[in-house]
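Hello,

Here is the structure I promised to pass on. My notes follow below it.

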Amino acid sequence: TPPPPAANAPIVLRFRGDAWTEVRAPGNRVLLSRIMRAGESWEVPAGQTGLTLATGAGQNMEILVGGQVVPFSTDLRGVRRNIPLEPRALMALPAQ
């Protein structure tokens, strides 16, 4: 078992197919809202806290924390909302 990620480990969203994706900051401020395409990736801005992810096609994306695929993201399907974009919170989410 790999060690838990650092609280400031980089988070990257990586896409293997089309997926509407939205990332919001506290106060409902939108950082990303568009259809991401296969082969694209998006790195969560460093130092941001309280971010949440919504996607319309979870099966077409994976979430990496510190270069490790988050187990929770391997079985995402369909629309998902309010996924916390915090390294330790992501790694603690149960696989679906």
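**Strands and pairing**

Strand 1 and strand 4 are paired antiparallel, with 3 bridges between them. Within that pairing, valine 12 has glutamate 43 of strand 4 as its bridge partner. Please keep in mind that this is a predicted model.

Alanine 25 sits opposite arginine 29 in strand 3. The hairpin of these two strands has 3 residues between them. In that hairpin, glycine 27 adopts a positive phi near 80°.

**The core**

The largest nonpolar core has 23 residues. Which of them touch the most other members? They are Leu13, Val23, Leu53, Ile63, Leu85 and Leu90. Strand 1 (11-15), strand 2 (19-25), strand 3 (29-36) and strand 6 (61-65) are the elements that each give two or more residues to this core. As a general point, nonpolar side chains in soluble globular proteins tend to be buried together.

Leucine 13 is worth a look on your screen. Beyond its neighbours within four places in sequence, leucine 13 contacts Val23, Leu53, Ile63 and Leu85, among others. Its contacts also include Thr21, Glu40, Ser41, Trp42, Met61 and Glu62.

Threonine 55 belongs to strand 5 (residues 52-55). Is threonine 55 buried or exposed? Its relative accessible area is 0%, so threonine 55 counts as buried, the cut-off being under 20%. A polar atom of the threonine 55 side chain lies 3.1 Å from the backbone oxygen of tryptophan 20. Setting aside neighbours within four places in sequence, threonine 55 is in contact with Ala19, Trp20, Thr21, Met61, Gly78, Val79 and Arg80.

Glycine 58 lies in the loop between strand 5 and strand 6. Glycine 58 is buried as well, because its relative accessible area is 0%. What does glycine 58 touch, not counting residues up to four places away in sequence? The answer is Leu76, Arg77 and Gly78. Glycine 47 is 11 residues from glycine 58 along the chain, and their C-alpha atoms are 25 Å apart.

Best wishes

Definitions and conventions:
Residues numbered from 1 in each chain as written. Predicted model: local features only at pLDDT ≥ 70, side-chain atom pairs only at ≥ 80, totals over all residues. Heavy atoms only, no water. Helix = DSSP H or I, 4+ residues; strand = E, 2+ residues; numbered from the N terminus. Buried < 20%, exposed > 50% of the residue type's maximum accessible area, 1.4 Å probe, protein only. Polar contact = N/O pair within 3.5 Å; in protein donor to acceptor, adjacent residues only side chain to side chain. Contact = heavy atoms within 4.5 Å. Core = buried A, V, L, I, M, F, W, Y, C linked by side-chain atoms within 4.5 Å. Pairing = 2+ DSSP bridges.
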